[in-house]
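Here are my notes for anyone opening this one for the first time. Have a look at the picture, then read the points in order.

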Amino acid sequence: MMGGPAIVVSDVSKDFLLPHLRRTTLKSRFVSLFRAPQTLEVQHVLHEVSFQVEKGEFFGIVGRNGSGKSTLMKIMASIYAPSSGGVSVFGRLVPFIELGVGFHPELSGRENVYLNGALFGFSVKEIDAMYDDIVSFAELEDSMDQLFKYYSSGMQVRIAFSLATRAQADILLIDEVLAVGDAAFKSKCRDYFHELKRRGTTIVFVTHDMASVREFCDRVILLEGGRITAEGGAAEVAQKYLETVIPAKRAAQAQAKGS
Amino acid sequence: MNDFFHRVRERYRYPAIILRAMVVSDLKLRYQASFLGYLWTLLRPLAEFAILYVVFTKFIRLVGGPDWAICLLLGTVIWGFFGELTVQGLTSIVARGPLLCKVNFPRYVVVLSVTVSVVISFILNLVVIAIFMLASRVFVGVEALWFLLLILELVTLTVAVSLFLGALYVRLRDIDYIWQVLTRAAFFATPIIYSLSLVPEKWARILVLNPVAQIIQDARHVLVSDQYVTISGLWGTEWIRAVPIGITLVLAVTSVIFFRRRSRSFAEEA
């Protein structure tokens, strides 16, 4: 399990064309035939980002909103293609960009378990085998035949999380999962992370919560404006992150007072 | 050899699992709140057929040939498959956008899942036709096996068009309206509610180059009566078949290439 890289990210850049400027209708294409070619506004989300995640590492990515964390995650999960640079992944990677991906409100809880499980790569037979465990872990034995839209959001999160913990992966990408749910859920999440760490699963973890960074992460990078501005141990980078946030907060407060 | 099969199975395991899950949930969702449920897959073409039947055999006596009612049904069912799948395929990628930007799976699965559910209704419709044929004592011989090849051609053509439209719609939303107009025009340019024998020959020779027209006329010819004129009958040579089949194959290859190239950015744009 240990030794060697799990993910190598080399010189990854990502540019988005701003959507309102993209020509998506014939009319705008037609009109633009007669106009001087517009300089399209390009948003540079990531600039030549390079780093390496070792096998068995709990790797944190922190940064303020809009710093490119989620884009980077999606590139690592090969959901987005990078504009330049490349990513190599060694092992089976499962992304949790969001809990309960693919859940449909008009399907029953049971049907949603099979649908969501399929997205994790589980066949019907495999879910049959673990169905009871999934349901009892989520403590939802009585409501699996109800339509999903009648579930409370807490119930939805519980069943989604219960499924997620089943994913068979060497590498997990986890985006902000701890942000949802109550205290009991958070404690379940924490237990699960410790379990993953013990098993030696490689984890890439995106969060704003510095307490969990300090608790779990072996190594952390800090993204600012699409560039890595700090890389190192959890305590050190968490401190740096707080320093980037606090001046901004003070400035905002000052502005609020002024106006 | 075993190794090869193992690799193929490994490669298509995940797409196959997702395909199945999507098809099953689509079928469950489609008729969920309706009283008659799946029966609608049969009832809808039957109702449509009843309308056409009354209009075109009682009001407008535009009889195209022997057992015209069955040929009418055959035409609407074949066209119905093409129309239904292309319209659903067109929006399928955009409709799955929220899923595509969270999970990485081969994007063609989305179009395939639509294909499977439309193919299922198509098969049920064909069963209805078979029942009507028995009821009106139209019996088929071995030449009916050609019909299987015609279905293959139809499915290839329709999936190709759906892949192309689905990928195009992500960038160019006008294509939805354009396609509605085009299919409306194509409905009348295709021998669905008429037979090509009713069209002046110089026009019929052009209309039949459309693969769907060729398929419908061929199907009538092999399943109902050899009085229905086919593309080779109109042109006096079998070689002319190369045109609609060629169109189908060229569309299939270009659509796959186009879809593959565009699919990398579906997650960002859909």
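Predicted model: local features only at pLDDT ≥ 70, side-chain atom pairs only at ≥ 80, totals over all residues.

1. Next, the largest nonpolar core, which has 129 residues. The ones with the most contacts inside it are M76(A), L173(A), V204(A) and V220(A), along with L74(B) and I78(B). In soluble globular proteins, nonpolar side chains tend to be buried together.

2. Which helix supplies the largest share of this core? That's α3 of chain B, residues 68-95, with 14 residues. On the chain A side, domain 1 (1-92 + 169-181 + 193-259) and domain 2 (98-168) each put in at least three residues.

3. V220(A) is worth a click. Skip its neighbours within four places in sequence, and you'll find V220(A) in contact with G60(A), V62(A), V213(A), G232(A), A234(A), V237(A) and A238(A).

4. Finally, where the chains meet: 23 residues of chain A and 21 residues of chain B take part in the contact. On the chain B side, the elements giving two or more residues are α1 (2-30) and α12 (266-269), and α1(B) gives the most, with 7 residues. Sorted by class, that side of chain B has 10 nonpolar, 7 charged and 4 polar residues.

Conventions
Residues numbered from 1 in each chain as written. Chains lettered and ligands numbered in written order. Contact = placed C-beta atoms within 7 Å. Helix = DSSP H or I, 4+ residues; strand = E, 2+ residues; numbered from the N terminus. Nonpolar A, V, L, I, M, F, W, Y, C, P; charged D, E, K, R; others polar. Core = buried A, V, L, I, M, F, W, Y, C linked by C-beta atoms within 7 Å. Buried ≥ 20, exposed ≤ 12 C-beta atoms within 10 Å, placed from the backbone. Domains from an automatic or database assignment.
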